[in-house]
Amino acid sequence: MGNFFARMFDSDIWFSFKQRPIVMLAALVVFVCVFCATFASFVAPHNPFDLKTLELSNAFTSPAWTANGKATFLLGTDDQGRDLLSAIMFGSRTSIIVAVIAVMLSMTIGISLGLLSGYLGGKLDAFIMRVADVQLSFPAILIALLIDGVARAVMPKGSHDSVAVLVLIFAIALSGWVQYARTVRGSTLVERNKEYVQAARVIGRHPIAIMFTHVLPNVLGPVLVLATLQVGSAILIEGTLSYLGVGVPPTQPSLGTLIRVGNDFLNSGEWWITVFPGLALVMLVLAINIVGDWLRDVMNPKLN
Amino acid sequence: MNQSVQTSDALKATDVRIEFPGRRGLFTAVHSASLHVAPGEIIGVVGESGAGKSTIGNAVIQLLEPPGRVSEGSINVLGTEILSLAKDDMAKLRGSTIGMIFQDPMTSLNPLYTVGKQIIETMQTHFPQQSESALREKAIDWLNKVGIPNAALRVDNYPHQFSGGQRQRVVIALVLCAEPRLIIADEPTTALDVTLKRQVLELIKGLCKERQVAVVLITHDMGAISEIAERVYVMLKGRIVEEGTTAQILGAPREEYTKSLIAAIPRIDVKVKRFHVVDNESASRITAVHDRALQWLTVSDTIVPVSDKAVLKLEDLRCTFVTRRSWLPKNRRYLNAVDGVSLEVQRGEVFGLVGESGCGKTTIGKMVAGLQPPTSGRILFEGLDLAEKRSRTEEMALRRAMQMIFQDPYSSLNPRRRIIDCVAEPIRFHKVAKDEAEVRSIVELLLARVGMDAAAAEKYPHQFSGGQRQRICIARALATRPRFLICDEPTSALDVSIQAQTLNLLKDLQEDLGLTMLFVSHDLAVIRQMCDRVGVMRAGVLVEVGTAEQVFNDPQHEYTKALLSAMPSMQHLAMA
């Protein structure tokens, strides 16, 4: 393990990281967000889900620095007296979990199909890529809405809320695999013709074994970069779906749900209920994208 | 600034030091190198890869890869000190006074413009007062001069409509049309076949003599140097170690390094037992390891039955690629990469396949190795038809008996795996060893046999040079205890001294193990040194087969004769 860290601190990636203050700042933001989300139960000043601690008299408290603000509620409270800062922390936990699992799922699907498609080629390749083309002609949100709609129709009423998160993850994952499949297929087409793959074929190894032991490790670089960027967009899709009301239920609010709830009060002057979750969302996605963009530049040998 | 430059020199570089500052400190690519060229003179700069010869060329034209810089010395082109020139002035000098010919004719032309347009555009930049139609006439004239047939028609063609050799001629026309006084030619013929190589070199020589242009020919190819250069600079690790006339350097080199460099060049006239190598391994230390390796490698495998038939027999082998797909059969176009080849390789024999690029020699190697299915014909390995369906165990036994060594040592090892995993893959997969400990000892034995330390096992491929990687590939190919080895241009990506070491290794292994080899190469001299019998290929057809002596001393086919006469021979210089 020490060896691993020694190699990491000696690598070109770490060197490039140290030279970019903006990337360092973005990485710090991502770290703080993930940390607060992971340890929300310990870090958050209030527990927004503990109904006993909620008092309606605290409802619509404005942020601490405004005239009617209270020091205990830094970013103010919502219509039920919940502390917004705590709600954002718990909300970003849901958002991040959903996004990360969705990205991992779509990565698995995309990598497998991309490897098969690129390595075996022929009719299978044509079929997978046409399916991908068809899927690309639908907006991701539409596909997610469709899957959610089907799930609602199939499942009995009432039980939907309990599986809503799973449906959401599945919907986001299924709308994202195409990117991975295309990236992996492109790299696989290059790697397939390299001589180390041919050497493995001459040794007599099975195509599936060659795909996963030889080709996969060599196409993973661009995929990991893509995955970082996709976490950002998955958080956005999750936010959009929750905003539209087809995402996670209000009992387990994500950032999108918080924004939707706050939206009702935007015109009556309680701007903070929607603005702060929105800002948190923008900040998180922006930071992830900056880190992802930087990773893409560093890992692209052509730019070095 | 004190400029005591003789006006007779087109280029005079004095004590040039070129540095690349990096995060691991300063890397000095060139140490106080001095060279000069007179107008109309052709000098050669030779050395192995990494010697800094291209870096000097790039410094003269001020196209060093950043963050490289010339930290000391002066570079004087026709009386102008270029190191103190402003960027804009340097840009004017580039092309008009200094021209550059790059290695790869495929990438040095813009594929979206016709060659005529590219030549005219270049001339417009340097002679803005001339009219377009006059320049067009001149462009046709230039294409004529560099020997493009039907220049008046071809001026409107795109680069992809020219062959590789013609493209390099177009590049030369493109450089010469600006009428530079100095040309830097960086490996101008490396990407070309033997017959084209000679034509392009003679073209450069002729035009330069005619127009009194100074030429710096940067190459690793001693043959090219002996053809056209008048004086030679030999570089080693960033230093010029020897300079002199071509006859003196090639015929009577003074420095030890130059001597070994020249001795390592494969000769085409006589077969030598071993190549002279630059650093002789201490024989006593390694014999014990070699014996143990030999012992392991010659253990007979009962799983793989040995038959007494010809090891390899090809019967009317054909391979056709579709070059244009169409629904209508009549619109389809095919390329017959291999067009009816029949040959036999006997046990213990090294059979060479030689020919220019695109003649189908590599395709034959791939078909034998099972990487490319043949369109028709039969491949018999020890009497067994490779196309037949057989059980997985029998198939695996066949795979074990036959291994391949590839051309590009930089891509033939998986960059993400340690050397031990690369070499052990066939051992583990074919279950040659009982347990991991035995796998390890076998890998170390094999690595020792090819001249690598046991410590190499833990490293990754990028930590090794091309020659070392090729050794590792040889170790991997031996790991199944094969009886038949297909070598596909195993040394064409290596420097000449490394090539000599690698060929020696292959020769020793072949003799010790009694291996049968199919040796594919475009290099006639390498084939001459390695092979017992030779097949000459042209456009998918085997035009001549015979023992190496027959083919090289008494070629029967016109094409073989043409190939042999195109080889630069350095013997006339050696005599002088």
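## Briefing on chains A and B

The crossing of α5(A) and α10(A) is right-handed, in what is a predicted model. These two helices of chain A, α5 (residues 84-120) and α10 (residues 207-244), pack at an angle of about 145°, and their axes lie 7 Å apart. Chain A has 12 helices and zero strands, whereas in chain B four strands form one open sheet and six strands form another.

**Chain A: overall build**

- Read from the N terminus, the elements of chain A run α-α-α-α-α-α-α-α-α-α-α-α, and the C-alpha atoms of the chain fill a box of roughly 75 × 50 × 30 Å along the principal axes.
- Of the 304 residues in chain A, 43% are buried.
- When contacts in chain A between residues at least 6 apart in sequence are considered, 69% of them join residues at least 24 apart.

**Chain A: the contact of α5 with α10**

- On the side of α5(A), the residues that meet α10(A) include A:Ser95, A:Val98, A:Val103, A:Met107, A:Ile111 and A:Tyr119, while those contributed by α10(A) include A:Pro207, A:Met211, A:Val223, A:Gln230, A:Ile235 and A:Glu238.
- Divided by class, the residues of this contact between α5(A) and α10(A) are 20 nonpolar, three polar and one charged.

**Chain B: the four-stranded sheet**

- The open sheet has the strand order β2-β1-β4-β5 in chain B, with antiparallel pairing.
- At the edges stand β2 (25-37) and β5 (80-81) of chain B, each of which has a single partner strand, so one side of each is left without a neighbour in the sheet.
- Strand β1 (residues 11-22) of chain B pairs with β2(B) in the antiparallel sense over nine bridges, and B:Ile18 stands opposite B:Val30 in β2(B).
- Helix α1 (residues 53-60) of chain B packs on this sheet, where it touches β1, β2 and β4 (69-77) of chain B, and the direction of the helix makes about 110° with that of β1(B).

**Chain B: the enclosed helix α6**

- Helix α6 (residues 164-176) of chain B has 13 residues and reaches 18 Å from its first C-alpha to its last, close to the 18 Å expected at 1.5 Å a residue.
- Because 11 of the 13 residues of α6(B) are buried, this helix is largely enclosed by the rest of the structure.
- Among the buried residues of α6(B) are B:Gln166, B:Arg167 and B:Arg169, together with B:Val170, B:Ile172 and B:Leu176.
- The partners against which the buried residues of α6(B) pack are the strands β6 (98-101) and β7 (182-186) and the helices α3 (115-126), α4 (132-145) and α7 (194-211) of chain B.

**Chain B: the six-stranded sheet**

- Strand β17 (residues 484-488) and strand β18 (residues 516-521) of chain B pair in the parallel sense over five bridges, with B:Asp488 opposite B:Val520 in β18(B).

**Where the two chains meet**

- In the contact between the chains, 19 residues of chain B touch 15 residues of chain A.
- The elements giving two or more residues to the side of chain B that touches chain A are α13 (392-401), β16 (402-405) and α14 (419-429) of chain B, and α14(B) gives the most, with three residues.
- That side of chain B has nine nonpolar, four polar and six charged residues.

Methods. Residues numbered from 1 in each chain as written. Chains lettered and ligands numbered in written order. Predicted model: local features only at pLDDT ≥ 70, side-chain atom pairs only at ≥ 80, totals over all residues. Contact = placed C-beta atoms within 7 Å. Nonpolar A, V, L, I, M, F, W, Y, C, P; charged D, E, K, R; others polar. Buried ≥ 20, exposed ≤ 12 C-beta atoms within 10 Å, placed from the backbone. Axes fitted to C-alpha atoms, helices over the stretch in contact; angles between N-to-C directions. Left-handed = near helix turned anticlockwise from the far one by under 90°. Pairing = 2+ DSSP bridges. Expected span 1.5 Å × (residues − 1).
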